Amino acid sequence: MQAAPLPAGNSRPLDQLLATRRLVEVVQELSLARSLDRVMTIVRTAARELTGADGATFVLRENGSCFYAEEDAIAPLWKGRRFPMEACISGWAMLNASHAVIEDIYADPRIPAEAYRPTFVKSLAMMPIRTRDPIGAIGTYWAKRHRATPEQVELLQALADSTSVAMENIQVHSELERRVRDRTAQLEAANRELEAFSYSVSHDLRAPLRRLDGFCQLLLEDAQGKLDGRSLEHVERMRAGAERMGQLIDAMLDLCRLSRVPMTMREVDLAAIARRAAAGLRERDPARSVDVAIEDGLAAVGDERLLSIAIENLLANAWKFTRNTDLASIRFGRLSQEGRIVFVVEDNGAGFDPDHAGRLFQPFQRLHSEKEFEGTGVGLATVQRVVNRHGGRLWARGEPGSGAAFYFTLAS
């Protein structure tokens, strides 16, 4: 016995202007959706609102079948059920990449009537989600005979097209999230390896160096007065080599730690940091006379400790490479470039070959021999790490014998 017809809902189709406005709102909601469940919730409600239908379903194409994943109706339909593609009208819409408008479901051979008898449905409209290789369908149903108007079909197809874009965006977003998770896991693994390496360097390399230096010292004490000048020079060179390697180990460890230290962001007075750094350089090298000019009001948002390390390294670099310059001068200031603040440390020192500028910020790379200028070759690499962690950029310009300028920006 056929079930008694259920009363139609109170929904009424919106007039064209209101429907267009509502469709725009729905498209905006879909653009912000980040899950398929959210998309289905938006669409099932909007389909009824736009057409005044008594029910709406959201159908997914899954492994050759139609999965009725979600619905919004005056009475239950087929939520959670699967049907062969060839056995239901949603499958027909997907297989033919075309919409179906049916005024009398019992008079259309595409409709499996027995599946509809227990329901309230008398008329329907079915829209494929994506006209090229459809991935689903949106169905609307009426409890009284009704033929969807061209305007309703147009609204439903626009809704289906927007749904397609939203589902593709979710897929892209999910893929990006997966890549971020994978990348984060790789970085965490790399950090663990780096920590293990740092521990190994700190403990396994320092101990032999200490022993080497200690035995050299014992040799000097035991052989006091017995070694000739050449032998003494060999021993001193061994000690100097051990000391140099210790310095490089310390520099390497400091560079590694720089990438992991937590950051506290706040407004930082860069000019004050620079003045303290310049005072420290003068105190350590009182014989030199260097004109250091620091612009007032230099400030930025960042981690004060890390920015201090960067500025100290830049000023120390300029101080070192102006050693052989008469009337040496260093300037720390700023300029505007394409609307962004660019900080600059300039000097009139030894400069560098611009063809090799790319090596400046690589650890342990040197453009001058150690006999000319001492150092470990990690100072500018340290600056690069700090600037990168602040989302900025670091670059340099220079000419041999004509000084150098180091420019950096910060994300703030």
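I shall discuss an open sheet, then the nonpolar cores, then a hairpin, and lastly one arginine.

Please bear in mind throughout that this is a predicted model.

Let me start with the sheet. It is open and has 6 strands in the order β3-β2-β1-β6-β5-β4, with antiparallel pairing. Which strands stand at the edges? They are β3, residues 82-84, and β4, residues 100-102; each has a single partner strand, so one side of each is left without a neighbour in the sheet. From one strand to the next, the twist averages 20°.

For β3, the partner is strand β2, residues 65-73, and the two pair in the antiparallel sense over 3 bridges. Within this pairing, Phe-67 stands opposite Arg-82 of β3. Helix α3, residues 89-96, lies across β1, β2, β4, β5 and β6, and runs at about 40° to β5.

I turn now to the nonpolar cores. The largest one has 40 residues. Which residues have the most contacts inside it? They are Leu-270, Leu-315, Ile-330, Phe-332, Phe-343, Phe-406 and Phe-408. Several elements give two or more residues to this core, among them α7, β10, β11, β12 and β13. The element that gives the most is α8, with 8 residues.

Phe-343 deserves a separate remark. Leaving aside residues up to four places away in sequence, Phe-343 touches a set of residues that includes Leu-270, Phe-332, Phe-406 and Phe-408. Arg-334 and Gly-333 are also among the residues that Phe-343 touches.

There is also a second, separate core of 33 residues, and this one includes Ala-19, Ala-125, Trp-142 and Leu-156.

Next, the hairpin. Strands β12 and β13 form it, with 5 residues between them. The two strands run antiparallel and are joined by 5 bridges, and Trp-395 stands opposite Tyr-407 in β13. In the turn, Gly-401 has a positive phi of about 75°. Why may β12 be described as largely enclosed by the rest of the structure? The reason is that 4 of the 5 residues in this strand, residues 394-398, are buried.

Finally, I come to Arg-210, which is found in helix α5, residues 150-222. Is Arg-210 buried or exposed? Its relative accessible area is 53%, and the cut-off for exposed is over 50%, so Arg-210 counts as exposed. Its C-alpha atom is separated by 8.9 Å from that of Gly-246, a residue 36 positions away along the chain.

Thank you for your attention.

Conventions. Residues are numbered from 1 along each chain as its sequence is written. This is a predicted model: local features need pLDDT of at least 70, side-chain atom pairs count only at pLDDT 80 or more; totals for chains, interfaces and linings use all residues. Side-chain values use heavy atoms; hydrogens and water are left out. Buried means under 20% relative accessible area, exposed over 50%, partly exposed in between (1.4 Å probe, protein chains only). Two strands pair if DSSP finds at least two bridges between them. Axes are lines fitted to C-alpha atoms, for helices over the stretch in contact, and angles run from 0 to 180 degrees between N-to-C directions. Contact means heavy atoms within 4.5 Å. A nonpolar core is a set of buried Ala, Val, Leu, Ile, Met, Phe, Trp, Tyr and Cys residues joined through side-chain atoms within 4.5 Å.
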